[in-house]
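Here is a short briefing to read alongside the sequence and the model. Take a moment to look both over, and then we can walk through the points by topic.

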Amino acid sequence: MKIGFAGLSHLGIIASVVSAAKGCNVIAYGDYFELKKINLNKIDITEPKLNELYFKNKKKIKFTNRIKDLEKTDIIYISKDVFTDYRGNSDLTAIKQIIKKITLFKSKKILVILSQVPPGFTRRIVWPSNKLYYQVETLIFGEAVYRALKPERTIIGCSNSSDKINIKLKKYLNLYKCPIL
């Protein structure tokens, strides 16, 4: 299974490396500044066990600045951290730009929003509703790798709560061996 991650801030890098550690092939898209954090032997993010896990699984990860490379994936996660100002207001500009670029594919992959966006945000994305999901992100700085590798549960939202989760996404989520709500 190939999993794509769009946005390589703390969230996207952790999710990419952990996904590779779970056995997936990963295509991780980021801009020039995000990619500067990553080189062949080290990721420039302070997080226990991250570099060790990255080094062990780096052959399964392709880091790229070409968003079109995500077309080769089964599932695309929007995984850029949402920045907030001093008042706690979220700046969703970067998230919206990534989504706009991805919708140009017209490929209709499974799209999962992992970034912390406000309620109602996902409903405004133009994407087939049976392939659009929101996954609650629960990482904590300093514990992110551990929590991503062994989540206590996965919480998924979709447009109709009575719909079954897409079989490809369910297969991917089952790799984490935790309850899916």
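## Briefing

Threonine 154 has a relative accessible area of 5%, so this residue counts as buried. Please keep in mind that the model is a predicted one.

**The loop between α5 and β9**

- Threonine 154 sits in the loop that runs between α5 and β9 (156-157).
- Leaving out residues up to four places away in sequence, threonine 154 touches Gln135, Leu173, Cys178, Pro179, Ile180 and Leu181.
- Glutamate 152 has its place in the loop between α5 and β9 as well. With a relative accessible area of 54%, glutamate 152 is exposed, whereas threonine 154 is buried at 5%.
- Not counting residues up to four places away in sequence, glutamate 152 touches Arg147, Cys178 and Pro179. Cys178 and Pro179 are also among the residues that threonine 154 touches.
- Between the C-alpha atoms of glutamate 152 and threonine 122 there are 24 Å, and the two residues are 30 apart along the chain.

**A nonpolar patch on the surface**

- Val136, Ile155 and Leu181 make a nonpolar surface patch of about 230 Å².
- Leucine 181 belongs to the segment after α6. Its relative accessibility is 56%, so leucine 181 counts as exposed.
- Leucine 181 is also one of the residues touched by threonine 154.

**Nonpolar cores**

- The largest nonpolar core has 35 residues, and the members that touch the most others are Tyr77, Leu169 and Tyr172.
- At least two residues of this core come from each of β1 (2-6), α1 (10-21), β2 (25-29), α3 (50-57), β4 (75-78), β7 (110-113), α5 (144-149) and α6 (167-174).
- With seven residues, α1 gives the most to this core.
- Apart from this core lies another, of 22 residues, which includes Tyr29, Ile67, Ile98 and Phe121.
- What does tyrosine 172 contact, leaving aside its neighbours within four places in sequence? The contacts are Met1, Ile3, Phe5, Ser19, Cys24, Ile75 and Tyr77.

**Helices with a buried side**

- In α6, the residues Leu169, Tyr172 and Leu173 are buried. Around the axis they cover an arc of only 95 degrees, so they lie on the same side of α6.
- Ile167 and Lys171, on the other side of α6, are exposed.
- The cover over the buried residues of α6 includes β1, α1, β4, β7, β8 (132-135) and β9.
- Helix α4 (residues 93-103) has Ile95, Ile98, Ile99 and Ile102 as its buried residues. Their arc around the axis is only 95 degrees, which puts them on the same side of α4.
- The buried residues of α4 pack against β1, β4 and β7.

**Salt bridges**

- Side chains of opposite charge can pair when their charged atoms come close.
- How many salt bridges does the structure hold? There are seven.
- Aspartate 69 and lysine 62 meet through their side chains in a salt bridge, at 3.3 Å from N to O. Aspartate 69 is buried, since its relative accessible area is 2%, while lysine 62, at 37%, is partly exposed.
- Aspartate 69 also forms a salt bridge with arginine 66, where the closest N and O atoms are 3.4 Å apart.
- A network of salt bridges links Lys62, Arg66, Asp69 and Lys72.
- Glutamate 71 and lysine 68 meet in a salt bridge of their side chains, with 2.8 Å from N to O. The relative accessible area of glutamate 71 is 26%, so glutamate 71 is partly exposed.

**Threonine 64 in strand β3**

- Threonine 64 is part of strand β3 (residues 61-64). Is threonine 64 buried or exposed? Its relative accessibility is 6%, so threonine 64 counts as buried.
- Leaving aside neighbours within four places in sequence, threonine 64 is in contact with Ile27, Ala28, Tyr29, Gly30, Leu35 and Asp69. Asp69 is the residue that pairs with lysine 62 in a salt bridge.

How values were computed: Residues are numbered from 1 along each chain as its sequence is written. This is a predicted model: local features need pLDDT of at least 70, side-chain atom pairs count only at pLDDT 80 or more; totals for chains, interfaces and linings use all residues. Side-chain values use heavy atoms; hydrogens and water are left out. A nonpolar core is a set of buried Ala, Val, Leu, Ile, Met, Phe, Trp, Tyr and Cys residues joined through side-chain atoms within 4.5 Å. Buried means under 20% relative accessible area, exposed over 50%, partly exposed in between (1.4 Å probe, protein chains only). Helices (H or I, at least four residues) and strands (E, at least two) are DSSP runs, numbered from the N terminus. Contact means heavy atoms within 4.5 Å. Patches are made of residues with over 30% relative accessible area and no salt bridge: like charges are joined within 9 Å, nonpolar side chains (Val, Leu, Ile, Met, Phe, Trp, Tyr) within 5 Å. Accessible areas come from the Shrake-Rupley method with a 1.4 Å probe; for residues, only the protein chains shown count as cover. A salt bridge is a side-chain nitrogen of Lys or Arg within 4 Å of a carboxyl oxygen of Asp or Glu. The arc is that of the directions from the helix axis to the C-beta atoms.
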